[in-house]
Amino acid sequence: MFIQQQPIDRQDHLRKDDAAVAALWHDPKARVLPIHKGACPVNFDQDVLSLAAFPVQAPWQVSHAIYLGTDGQTPWFTIAIDDDQASNLTLPADTEFTDLRKVGMRINADDGALLTYAKGLCFWHENTTHCSRCGSQLKNIQAGHTKRCVNEACGHMVFPRTDPAVIMLVTHTDSDGVERCLLGRSPGWPAGMYSTLAGFVECGESLEQAVAREVFEEAGVRVNHVQYITSQPWPFPRSIMLGFKAEAITTELALDTHEIEDAQWFTRAQVQAFGTWGDPAYDYQMPRTDSIAFYLLSLWLNGSHTTG
Ligand SMILES: [Zn+2]
């Protein structure tokens, strides 16, 4: 599902028009993606998986729904539902509530992008219920894309939040002209999986500074020539991964073992010999195919963004 087209027109100009949003909600063509504890109904009856969406139904209310936009035919909404609503929902055959993380490599691209959008907003709704200034409840406004404190004297407005994280392919060319990339692994990852280094952007630093800081903190390597490549929304729970490449100016590794349990320099031939994600026959495995890490590595393997 990586490098998605945006599957729908978000129609943000309609969000402040309550009557227009209500009319879309009552449109018989309207479809709702219910999200329960971060999971959405996914249909498993084909090799390429798809979402199961539903007509508007009781007890769902537009005041709790979020308008996602339109694909030209269908007004799309999402709504965070509780345990009772989830258990009372009649699912089609071969359909079950499933987290995007489990099906990201198998779901069709448009549905993956739509679910990424819906899942992020529902997480925000469920975890942003009270005003951080006065403690009063927050009320949905603007088709669920904004919340406002119900205390009139406060009126604090809250917006969905995305946490930026940088992820970087670090390379180095030695004196013999052999290029290597730096890959590491975190303790909690599936055995054998190696990937690009990554970390959250901190207050008061540029993205380029975050790349250089994270590589040095995790691996002890100094980098320069930091260049942006692409990005990927990553709603686990609310990040955006900002992909970079960078050149190493030192190569000796000094690992922060609290963050990563191993890191190594690999040639292209070595990475090309990696197994696919989750294949236990290989000691070294690529990242998930739906990740920006896989995309950055694939670009490097194809030689289309060699550094230097
Ligand atoms: Zn308030």
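## Two cis prolines

Pro237 sits in the loop between strand 13 and strand 14. In this predicted model, the peptide bond that joins Phe236 to Pro237 is cis, with omega at about 5°.

## The chain as a whole

Stepping back, the protein chain carries seven helices and 15 strands. Its C-alpha atoms fill a box of roughly 65 × 50 × 35 Å along the principal axes. Of the 308 residues in the chain, 35% are buried. If you look at contacts with a separation of 6 or more, 65% of them link residues 24 or more positions apart.

Eight residues from domain 1 and eight residues from domain 2 take part in the contact. On the domain 1 side, helix 4 (residues 109-127) gives the largest share, five residues. That side of domain 1 divides into three nonpolar, three polar and two charged residues.

Helix 4 deserves a look of its own. Its 19 residues reach 27 Å from the first C-alpha to the last, close to the 27 Å expected at 1.5 Å a residue. Because 14 of those 19 residues are buried, helix 4 is largely enclosed by the rest of the structure.

## Helix 5 and its surroundings

Helix 5 (residues 207-219) has 13 residues and spans 18 Å between its first and last C-alpha, close to the 18 Å expected at 1.5 Å a residue. Its buried residues are Ala210, Val211, Ala212, Glu214, Val215, Glu218 and Ala219. These pack against several strands, including strand 10 (163-173), strand 11 (179-185), strand 13 (223-234) and strand 14 (239-248). Just after the helix, Gly220 takes a positive phi of about 75°.

Phe216 also belongs to helix 5, but this residue counts as partly exposed because it has 15 C-beta neighbours inside 10 Å. Setting aside neighbours within four places in sequence, Phe216 is in contact with Val221 and Arg222.

The largest nonpolar core has 40 residues, of which Val166, Met168, Val170, Leu182, Val211 and Val215 touch the most other members. Strand 10, strand 11, strand 12, helix 5, strand 13, strand 14, strand 15 and helix 7 (292-301) each supply at least two residues of this core. Another core, of 35 residues, lies apart from that one, and among its members are Leu51, Ala53, Ile79 and Leu114.

Not counting residues up to four places away in sequence, Met168 touches Thr196, Leu197, Val211, Val215, Phe244, Lys245 and Ala246.

Three strands make an open sheet in the order 3-2-6, with antiparallel pairing. Strand 3 (50-51) and strand 6 (95-99) stand at the edges with a single partner strand each, so one side of each has no neighbour in the sheet. Strand 2 (residues 39-43) and strand 3 run antiparallel and are joined by two bridges. Across this pairing, Asn43 stands opposite Ser50.

Elsewhere, strand 7 (residues 138-141) and strand 8 (residues 146-149) pair in the antiparallel sense over four bridges. Lys139 stands opposite Arg148 in strand 8. The two strands form a hairpin with four residues between them.

Gln142 is partly exposed, with 19 other C-beta atoms within 10 Å; the cut-off for a buried residue is 20 or more.

Asp94 is another non-glycine residue with a positive phi, near 60°. Asp94 is found in the loop between helix 2 (83-88) and strand 6. With 12 other C-beta atoms within 10 Å, Asp94 is exposed.

Conventions. Residues are numbered from 1 along each chain as its sequence is written. This is a predicted model: local features need pLDDT of at least 70, side-chain atom pairs count only at pLDDT 80 or more; totals for chains, interfaces and linings use all residues. Two strands pair if DSSP finds at least two bridges between them. The expected span of a helix is 1.5 Å times one less than its number of residues. Two residues are in contact if their C-beta atoms, placed from the backbone, lie within 7 Å. A nonpolar core is a set of buried Ala, Val, Leu, Ile, Met, Phe, Trp, Tyr and Cys residues joined through C-beta atoms within 7 Å. Ala, Val, Leu, Ile, Met, Phe, Trp, Tyr, Cys and Pro count as nonpolar, Asp, Glu, Lys and Arg as charged, and the others, Gly among them, as polar.
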